[in-house]
Amino acid sequence: MNYTQTRYRTNRQLDYLSTAKYLFDTSMECFNNCTTNFDTKDVIPIERHCAEGCIQLKLGLFSRTAISGQKKQ
């Protein structure tokens, strides 16, 4: 494997790790913002709906940002 291939592979791994971290952080942020009762392990429907909407919104913004970033390169 030459230098260019190694660098490309490393960049792809970093992209994957940063995307995974963003998804985890986003999920945690939405869950914490939408969940009001931490006394039970059940999530009530309104909390679930809030978290799902929050994640969909943030993932939509993330994907649009990623697409616009690819177009600029």
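Modeller: The torsion about the S-S bond of C30 and C54 is about -70 degrees, so this disulfide is left-handed. Please note that the model is predicted.

Biologist: Which parts does the pair C30 and C54 tie together?

Modeller: C30 belongs to helix α1 and C54 to helix α2 (residues 45-72), so the link ties together parts that are 24 residues apart in sequence. The S to S distance is 2.0 Å.

Biologist: How many disulfides does the count come to?

Modeller: A disulfide is a pair of cysteine sulfur atoms within 2.5 Å. By this rule there are two disulfides. C34 and C50 form a disulfide with their sulfur atoms 2.0 Å apart. C34 lies in helix α1 and C50 in helix α2, so this pair ties together parts that are 16 residues apart in sequence. The link of C34 and C50 is left-handed, with -60 degrees about the S-S bond. With bonded cysteines counted along the chain, the pattern is 1-4, 2-3.

Biologist: Are C30 and C54 buried or exposed?

Modeller: Buried means under 20% relative accessible area. Both C30 and C54 are buried. C34 has a relative accessible area of 7% and is therefore buried, whereas C50, at 34%, counts as partly exposed.

Biologist: Which residues form a nonpolar patch on the surface?

Modeller: L14, Y16 and L17 form that patch, and together they have about 360 Å² of accessible area. Y16 is found in helix α1 (residues 3-34). Exposed means over 50%, and Y16 is exposed because its relative accessible area is 61%.

How values were computed. Residues numbered from 1 in each chain as written. Predicted model: local features only at pLDDT ≥ 70, side-chain atom pairs only at ≥ 80, totals over all residues. Heavy atoms only, no water. Patch = residues over 30% accessible without salt bridge, like charges linked within 9 Å, V, L, I, M, F, W, Y side chains within 5 Å. Areas by Shrake-Rupley, 256 points an atom, 1.4 Å probe, with all protein chains shown as cover. Salt bridge = Lys/Arg side-chain N within 4 Å of Asp/Glu carboxyl O. Helix = DSSP H or I, 4+ residues; strand = E, 2+ residues; numbered from the N terminus. Buried < 20%, exposed > 50% of the residue type's maximum accessible area, 1.4 Å probe, protein only.
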